[in-house]
Amino acid sequence: MLARLTVTALFFFTAAPLAGAATCPGNGAQPPWVASPDAISGAFFFAAGVSSLSSGPLAERLDSARQNALRSLASLIQVEVRNSLTMEQSQRQSGGAVLTESTLRTLTETSTQATLENVETVATWEDAANCQVWVRVRIAQQIVEEKKRAALARQWFTQFNEQLATAQDETQPLGARQTALEAAQDGLPRITLALIPEASSPAYYTQLLRRLDTSLGTAARELEGVRQRLAQADAQLLKAEDAPDEAAKARLRLSAIGTYRDLLRQHANGLPPLFAPGDLYLKLAEAEELRANRCGAKTYYQLALTARQLVDRSAVARQRASSLNCSAADLETARWRQYFEGRPLELLCLQRVQTALTAQTTHAVQSAQTASTTPWHKACDEVGNGFRALGADIQTRNATLPPAQTQALLQGNLPEKLGAPGQTDRPMLVVLASGKLNSRQDTSPNGSPSRAYQFEGLLWTLLWDGGKPVYTDRFQGLTGWNPVSAEMTMDVLALNVVRRWQERFGKFLNPEISP
């Protein structure tokens, strides 16, 4: 029902037969409230309505009058609520909490409807002259205020939740998140959370906003730092054009390239609104082209084609990539350099070899020596020479890994982590040989006795980067017989293992990129 009927002063009538002109008993002189139907008096809003019918059953005329009275009361309340909300809004014009015209209208209608559920019917009067019935209703101003406060609190709470969701959304630009946070901080104090059953406590929201403020402040400082680094790198490239000699030009360009690469590693998915990965690839391509590294420039232009860009320049990247010529060998070297140049790379080369004495004819094992894990120096020397030529910062790890990691590798399993505690995100290349070294008695060409050696077991080269394996080459190997020494057998094996990995990793670095 639209209204709750609580009659405090009602007059009861008897319906008389109507013949010709309307005849009604009426109920006394016209009360003053009929002449002034709408009023605000004391602690109440009053309104009155007259029936639209002058004939028919009394109940129908009473209902008609009551409905008209409610409409008048609703109009009176709407004016008062809207004026009150407008005045409050004029005093609070910050933080994105301004009520729109649509919101004001919705709030007014919502609070008015809620208020009308508590209306009292306080008086009725029948006009004997025309048989029309008047009904007077009222509502306490306190109830109107409470319903307005409840509707306003829910509206602020809805806005607050929307602002909070935006502030927490990591896919949104930082500026939009900060604006939403400021609006939420401004709006929280005005929300009467006690009027919203599903709301959490003020302390909860206050703590949540403080944490967001701290994290977004940190992000803003980081963004500004990155902005300055980008501006500095761009300025270095421009300054290089006016440098007095080629050496000075090279230093400036390499410094700028290093900055772009660092930012690309630190923000692999981009950092809006400053850049997406494709934007940095384009900057790197242009910098490489300026220093006449056509292969490096071509590679970066091709990478830009497959990476997201804030401003799409794919057509430019495609055209420039197609205009740059370099040989397949040059392109492969450029891509190796692109991956390793200037990067710290830790090398760990291990061998665990069990020496077995084998009869020449029966190959039966006669005796065996217990294997121990030792550095495989030849493997690290070979792979280190190649990476140093690419500009990588090589560090050879003399100590072994933690026991659990070492054991997992020796058994042919990937450990959950790789490296020393706190350094699991550093690039690391592991070269591993785990097996047995067969030995047999031979006869030298001059007829004297000699011994030959053969490795048999697991060979594994593993590149670990960013806390996870990037590329592995693992296989079971069996070498030919080496007539020189066990050390020579392992040295030759190291050369072959490293060359095999380089060939295979080169193919991994050179996927086909469709223009």
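## Model and overall content

The model is predicted, so local features are taken only at pLDDT of at least 70 and side-chain atom pairs only at pLDDT 80 or more, while totals for chains, interfaces and linings use all residues. Residues are numbered from 1 along each chain as its sequence is written, and side-chain values use heavy atoms, with hydrogens and water left out.

The secondary structure comprises 14 helices and 11 strands; helices (H or I, at least four residues) and strands (E, at least two) are DSSP runs numbered from the N terminus. Of the 515 residues, 43% count as buried, where buried means under 20% relative accessible area, exposed over 50% and partly exposed in between, with a 1.4 Å probe and protein chains only. Among contacts (heavy atoms within 4.5 Å) between residues at least 6 apart in sequence, 67% join residues at least 24 apart.

Four strands form an open sheet in the order 1-2-4-3, with antiparallel pairing. Two strands are taken to pair if DSSP finds at least two bridges between them. The edges are strand 1 (39-41) and strand 3 (120-126), each of which pairs on one side only. Direction ignored, neighbouring strands are turned by 25° against each other on average; axes are lines fitted to C-alpha atoms, for helices over the stretch in contact, and angles run from 0 to 180 degrees between N-to-C directions.

Strand 1 pairs with strand 2 in the antiparallel sense over three bridges, and I40 has F45 of strand 2 as its bridge partner. These two strands form a hairpin with two residues between them, and G42 in the turn has a positive phi of about 60°. Strand 2 is mostly covered, with five of its seven residues buried. On to strand 4, the antiparallel pairing of strand 2 runs over seven bridges, and F46 stands opposite R138 in strand 4. Strand 4 (residues 133-140) also pairs with strand 3, again in the antiparallel sense, over six bridges; here W125 stands opposite W134 of strand 4.

Helix 4 lies across strand 1, strand 2 (44-50) and strand 4, running at about 60° to strand 4. L152 is found in this helix and is buried, with a relative accessible area of 4%. L152 and T103 are 49 residues apart in sequence, and their C-alpha atoms are 9.9 Å apart in space.

Helix 4 (residues 141-168) also packs with helix 6 (residues 202-240), at an angle of about 35° and with the axes 11 Å apart. The crossing is left-handed, a term used if the near helix is turned anticlockwise from the far one by less than a right angle, clockwise being right-handed. On the helix 4 side the contact is made by F157, F160, L164, A167 and Q168, and on the helix 6 side by Y205, L208, L209, L212 and L216. These residues divide into nine nonpolar, one polar and no charged. Ala, Val, Leu, Ile, Met, Phe, Trp, Tyr, Cys and Pro count as nonpolar, Asp, Glu, Lys and Arg as charged, and the others, Gly among them, as polar.

Helix 3 (residues 101-116) has 16 residues and reaches 23 Å from its first C-alpha to its last, close to the 22 Å expected at 1.5 Å a residue; the expected span is 1.5 Å times one less than the number of residues. Its buried residues are T103, L104, L107, T108, S111, T112, T115 and L116. An α-helix has 3.6 residues a turn, so residues three or four places apart point the same way.

Helix 7 (residues 246-266) has 21 residues and should span 30 Å, in agreement with the 30 Å between its end C-alpha atoms. Buried in helix 7 are A248, K249, L252, R253, A256, I257, T259, Y260, R261, L263 and L264. The cover over these residues includes helix 6, helix 8 (277-290), helix 9 (294-306) and helix 11 (328-340).

## Backbone exceptions

Most residues other than glycine have a negative phi, and most peptide bonds are trans. C131, in the loop between strand 3 and strand 4, has a positive phi, near 65°. C131 is buried, with a relative accessible area of 1%. The peptide bond from P272 to P273 is cis, with omega near 5°, and P273 is found in the loop between helix 7 and helix 8.
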